[in-house]
Amino acid sequence: MKFAQCAPNMPRAVLDSSVLVSAFLTPHGSVVRLLRDPARSRYRLCLSEYILTETAETLLSKSRLRDYAAYADTDVPNYIRWLLTQAEMVTDLPALRVVVNDPKDDPIIATAVAANANYLVTGDRAHLLPIREYQGIRIVSPRQFLEVLGIA
């Protein structure tokens with residue numbers, strides 16, 4: 001999929017699955033604002049197959065999420081397809097060992113590295129947010145990223 005060239009000063013950001021799940025579950029919450037204009041016109045969203053798969057699996061398999069928000073199974077692939085239209089997909093993720101306490105988060109950081117991202121946006125307070133920065137990629141919460149974009 002080809003995208004128009006971004007403005008040189010437009011930051012590149014990876015939203016991890018915790019953010020994408022939150023946006024799906026709370027369509028009127030603050031996190032979903034990252035996927036809507038004007039926020040979307042201020043950064044380039046970059047995702048990987050790993051993040052989209054993790055997002056879909058979480059939404060389809062976690063019964064506690066079903067207790068929180070009612071949605072049909074078909075809503076999930078529709079959401080993933082929509083994300084594919086909004087994002088630049090990155091491939092060839094580097095093999096990294098960064099998140100010692102949760103190695104399954106390494107592909108999320110690898111996505112940000114492969115995307116040459118400026119930001120990795122996450123709600124993972126236990127493993128990713130404490131890292132704060134990796135190879136020049138700022139690891140921030142959705143609220144912090146909205147502030148960076150001047151929308152908070």
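Biologist: Let's start with one side chain: is Lys104 buried, partly exposed or exposed?

Modeller: Buried means under 20% relative accessible area, exposed means over 50%, and partly exposed lies in between (1.4 Å probe, protein chains only). Lys104 counts as partly exposed, at 48% relative accessibility. Before we go on: this is a predicted model, where local features need pLDDT of at least 70, side-chain atom pairs count only at pLDDT 80 or more, and totals for chains, interfaces and linings use all residues. Residues are numbered from 1 along each chain as its sequence is written, and side-chain values use heavy atoms, with hydrogens and water left out.

Biologist: Which side chain meets Lys104 in a salt bridge?

Modeller: Side chains of opposite charge can pair when their charged atoms come close. The rule here asks for a side-chain nitrogen of Lys or Arg within 4 Å of a carboxyl oxygen of Asp or Glu. Lys104 meets Glu54 that way, at 3.6 Å from N to O. Glu54 sits in helix H2 (residues 49-61) and Lys104 in the loop between E3 and helix H5 (106-114), so the pair ties together parts that are 50 residues apart in sequence. Glu54 is buried, at 13%.

Biologist: How many salt bridges does the rule give?

Modeller: The count is five. One of them joins Glu88 to Arg44 (3.8 Å, N to O). Glu88 belongs to strand E3 and Arg44 to strand E2 (residues 44-48), so this pair links parts that are 44 residues apart in sequence. Arg44 has 10% relative accessibility and counts as buried. Another bridge pairs Arg66 with Asp73, whose closest N and O atoms are 2.4 Å apart. Shared partners also join Arg12, Arg44 and Glu88 into one network.

Biologist: You mentioned strands. In what order do they form the sheet?

Modeller: Strands of a sheet pair through backbone hydrogen bonds, either parallel or antiparallel. Helices (H or I, at least four residues) and strands (E, at least two) are DSSP runs, numbered from the N terminus, and two strands pair if DSSP finds at least two bridges between them. Here six strands make an open sheet, E3-E2-E1-E4-E6-E5, with mixed pairing. E3 (88-90) and E5 (133-134) stand at the edges with a single partner strand each, so one side of each has no neighbour in the sheet.

Biologist: Which way do E4 and E6 run?

Modeller: E4 (residues 119-121) and E6 (residues 137-140) run parallel, joined by three bridges. Leu120 stands opposite Ile139 in E6.
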